[in-house]
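Today I'm looking up a strand pairing and a chain interface.

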Amino acid sequence: MATQLGFYFDQTRCNGCKACQVACKDKHDLPVGVTWRRVAEHGGGSWQSDGDTFSPSVFATYMSTACNHCERPVCAEVCPTTAMHQRDDGVVAVDDDLCVGCRYCEWACPYSAPQYNAELGSMTKCDLCTDYREEGLEPACVAGCPSRALDWGPIDELRERYGDVDAIEPLPDPAITEPRLVITPHRDAQMTGSGTGTIKNPLEV
Amino acid sequence: MTAISDHPTSSDASPGGISRRSFLKWSAVAGGGVALVSGTRQLGLLPGAGLSASAQEEASGVETIWSSCNVNCGSRCPLRMQVADGRVVRVLPDNTGDDALGSQQVRACVRGLSYRQRLYSPDRIKTPMRRVGERGSGDWEEISWEEAYDEIADSMKRIIEEYGNEALYLNYGTGTLGGTITSSWPPISTPFSRLFSLAGGYLNHYADYSTAQIQGAVQYHYGGWIGSNSLDDAKNANLVVMFGNNPFETRMSGGGEIYVSQQTREQAKVKTIIIDPRYSDTAMGLGDEWVALRPGTDSALVAGMAHVMITEDLVDQEFLDRCCQGYDDEHLPDGVPAGSSYKAYILGDGPDGEAKTPEWAAPITGVPAGTITRLAREIATTKPVLINQGWGPQRHVNGENQARAIFTLCALTGNVGIPGGGTGEREGSYGLPLANPFVIDNPVEASIPVFAWTDAVEKGPEMTATNAGVRGVDRLEVPIKFILNYASNALVNQHGDINRTIELLKDDSKCEMIVNVENRMTVSARYADIVLPDTTNAEQMDLASQGSAGNMGYAILASQVIEPLYDCRTVYEMCTELAKRLDIEEEFTEGRTQEEWIRHILDASREDIPDLPSFEDFKEMGIWREPNPPEVGYVPLQDFREDPEEHPLPTPSGRIEIFSSELWEMAETWELPEGQRITALPEHLSMQESAEVARSDDTYPLQCIAHHVKQRTHSTYGHIPWLEEAHPHVAWIHPWDAEERGIANDEKMYVFNDRGRIRVSARVTNRIAPGTVSVPHGAWYEPDEQGVDVGGSPNTLTSWLQSPIHKGNAQHTMLVQVERA
């Protein structure tokens with residue numbers, strides 16, 4: 001099997017600016033509503049008050065996510081036309097000629113990675129900027145992150161370098177799709193399934 | 001490659017697509033359904049991508065040209081614009097430099113990366129226009145450039161003839177910042193300043209909407225602007241304390257202060273305390289502890305901490321004795337009565353007789369007394385402590401004292417003038433000493449506080465040195481009669497009390513001519529008499545000086561990427577044409593084109609920066625860096641600290657004036673509005689619409705501030721679809737305050753007071769202190785038929801209230817009520 005590619009995200013560096021999201025949109029000419037990389041804000045905690053004073057005990061983190069080019073791409077599994085497929089390098093991609101825009105992949109993916117483009121009438125998604133990579137360039141989101149919070153590469157190498165954490169709230173249980181994603185968690189990150197917070201910007205993701 | 005369209009995101013996205021997608025699926029809430037999907041591995045065997053991007057681009061004639069993002073965020077970023085068939089098809093970040101501080105890649109933030117949508121915005125002004133209805137009616141007629149130039153030049157001549165040059169005003173505006181020929185700020189460096197100065201001059205202003213109060217504060221405290229230690233100097237600290245300083249949201253360039261502070265923290269791992277009404281992204285990403293306080297009460301917090309430090313003998317007495325005036329009664333200037341020192345004020349031995357104990361400060365600030373005591377001990381016993389402030393704490397009616405209180409904390413703890421310490425100002429950074437021979441002096445001496453221009457329109461000749469902070473003359477001769485508003489939204493949107501400002505502008509017997517030079521139809525442009533369509537910096541060449549980037553200096557040679565769109569023209573051409581009609585063309589241009597001026601400026605700069613590349617090389621390089629000597633951060637006042645006799649400050653005493661002799665005198669001589677005070681000491685002042693007032697005001701019980709937000713730089717980049725999608729306009733409200741009013745996250749609410757009412761989505765979040773609402777700064781005012789601002793501009797709620805000393809814009813001082821919409 002060829003090298004399998006994935007993403008790395010350093011949550012400690014993310015300020016939620018979404019340069020990654022807009023770099024992706026500029027690169028791929030994506031309209032509003034079709035957003036291959038998104039950033040969720042997860043947070044919670046509480047406050048105490050005593051007379052005229054107050055004390056916070058709160059937390060918040062950002063999570064930038066595109067397609068995780070999963071080991072088990074459920075999007076491809078449910079695709080009735082085989083338009084959604086996984087390449088040798090692990091990149092999950094859409095064959096425009098085969099896609100009928102039924103959006104079943106969109107429903108299946110727990111990361112909301114495949115997105116319907118109404119103008120095209122078909123599904124679209126992150127392909128890890130295949131054309132850029134062929135030229136030796138970084139994917140647009142990686143090159144565009146002001147804080148250098150993103151990286152990409154063979155998942156084995158990413159795991160060797162950065163560890164194997166991939167179950168951070170508000171991400172779903174990685175057992176569902178086995179994402180090729182490695183995260184360096186923020187000090188306030190919570191493990192998926194044991195989180196006490198909520199998504200604070202639900203309309204943005 | 002996807003087909004290129006003019007407005008790649010202007011089409012309405014599938015609403016179904018948005019509603020079906022939900023992050024709920026991400027977490028366990030809806031995971032059950034997803035988990036049912038069977039998990040057979042399926043590896044695709046279909047062919048990969050086709051022709052590579054560069055191969056396609058070569059085939060289609062794509063060229064990559066250096067440009068830049070020149071807005072007022074404090075950073076400045078190069079942009080690599082890819083052009084095909086005369087259109088910008090992609091905007092790429094810097095790909096030079098590296099990740100090391102001192103040579104860092106200056107990656108543009110989310111806004112710069114959206115530049116294409118700003119360039120091709122449907123809001124672009126396409127041709128000169130003249131208003132035909134009343135000001136602000138929105139009725140325009142298109143006119144030719146010749147007609148526009150003639151009318152503006154005639155108007156200038158008439159107004160100079162009738163009222164004198166003091167009636168001409170260049171309004172504050174920072175929409176085009178950092179360039180040299182195109183610069184809209186500082187006022188003296190704009191091409192219009194050169195033009196107006198050659199035509200006899202114009203009424204000056206001093207300070208700016210960002211820093212008016214802290215500029216007033218430094219003047220009396222340190223004798224002028226010195227900055228604080230650069231953020232990379234945190235590596236030499238053992239504790240960092242930041243008051244209302246938020247580089248993670250306000251300095252987002254990937255070469256700027258967010259990157260500098262992140263990298264420094266990763267390397268040095270110094271504990272950082274963030275003091276702010278909001279759990280800002282800086283608190284999240286840089287802070288170890290968040291101290292939440294009520295807006296405008298930093299000076300009370302400092303006083304409470306000072307009480308602990310003084311009573312527990314934790315102050316740096318040696319530094320205070322040697323370098324400061326007025327810490328204690330033994331170091332007051334002659335003729336000032338005992339009990340006038342800061343120590344007396346804190347201990348209750350001053351005129352108010354009240355000890356500023358932590359228990360005194362707690363109900364004012366909201367910070368528990370125990371927390372104040374703990375912080376005081378930690379800050380006083382750790383050495384050194386890097387202390388700085390952003391510009392939120394000073395943007396209050398008591399802003400000068402807020403800023404000075406934080407400076408004083410640095411003196412009490414002896415952290416001024418040492419590596420790892422700070423002055424309590426905002427961080428300094430290294431900059432290239434670029435020359436600018438394009439700039440000439442304004443022969444008019446009269447100058448008004450930047451925020452007082454509406455007063456000068458309304459009642460100029462009533463304004464004096466002691467009642468309005470007029471400088472250069474004792475009293476204004478005439479009101480403002482002609483406003484040139486270049487790259488500025490401060491004519492309406494960014495000024496205080498939009499509704500009142502509009503009423504003033506509608507009366508064209510007051511200000512008789514308003515010319516707006518702008519590339520998009522901003523809120524301010526709506527109220528002009530003549531609008532001139534400006535080119536963006538993608539449509540012209542300029543040399544951009546750097547933004548704040550820690551220890552690195554750099555400049556950007558931004559080339560012209562495309563021809564001017566529509567009938568837009570450069571400001572240089574506009575000014576040249578106006579100069580022709582004012583018979584000063586030769587003096588204005590000195591025979592140079594815009595490019596020739598840039599070459600001239602580069603040549604002139606080589607005197608101080610000998611390594612500056614040639615024009616041709618620079619054009620290729622785009623960005624040129626020069627780090628300060630490696631490992632040396634910016635540490636101001638080292639020489640002063642070592643020998644204050646030899647290196648005195650430009651204050652009356654030559655010392656740090658905790659007790660300011662000049663303010664002592666001004667407190668006696670200046671006429672102030674009711675309820676305002678000037679104090680020689682950085683006392684905590686509760687004045688109009690303060691935190692203390694809010695707690696006893698049943699009608700408007702909430703404080704409202706306006707944090708700077710990622711969608712826009714002030715109002716620049718407003719209504720850019722990708723940015724509105726990424727960072728929707730949401731006002732922050734604490735869950736307790738929201739619950740009391742029945743407001744849920746993302747629901748619409750009204751925020752209002754006697755001055756106006758806005759409708760805005762709620763971000764119910766515990767990242768803001770209770771009792772405080774924050775409406776993001778810079779949203780574009782958009783009144784509906786009932787006069788409700790559905791654009792949600794915080795300046796619909798702010799006032800013309802000015803601070804007592806520097807007459808600064810108190811735009812974080814306002815009380816409001818909130819209700820469900």
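Through how many residues does a hairpin join β23(B) to β24(B)? I looked, and the hairpin runs through two residues. Ground rules for myself: this is a predicted model, where local features need pLDDT of at least 70, side-chain atom pairs count only at pLDDT 80 or more, and totals for chains, interfaces and linings use all residues. Residues are numbered from 1 along each chain as its sequence is written, chains are lettered from A in the order in which they are written, and side-chain values use heavy atoms, with hydrogens and water left out.

Entry: the strands. I take strands as DSSP runs of E, at least two residues, numbered from the N terminus, and two of them pair if DSSP finds at least two bridges between them. β23(B) (residues 748-753) runs antiparallel to β24(B), with six bridges; Met749(B) sits opposite Val760(B) there. β22(B) (residues 730-733) is parallel to β24(B), with four bridges, and I found Val730(B) partnered with Ser761(B). β24(B) (residues 756-764) has seven of its nine residues buried, so the rest of the structure largely encloses it. Buried here means under 20% relative accessible area (1.4 Å probe, protein chains only).

Entry: the interface. I noted 97 residues of chain B in contact with 98 of chain A, contact being heavy atoms within 4.5 Å. The rule gives eight salt bridges across the interface, each a side-chain nitrogen of Lys or Arg within 4 Å of a carboxyl oxygen of Asp or Glu. I checked the one between Asp52(A) and Arg695(B), at 3.1 Å, N to O.

Technical notes
Buried means under 20% relative accessible area, exposed over 50%, partly exposed in between (1.4 Å probe, protein chains only).
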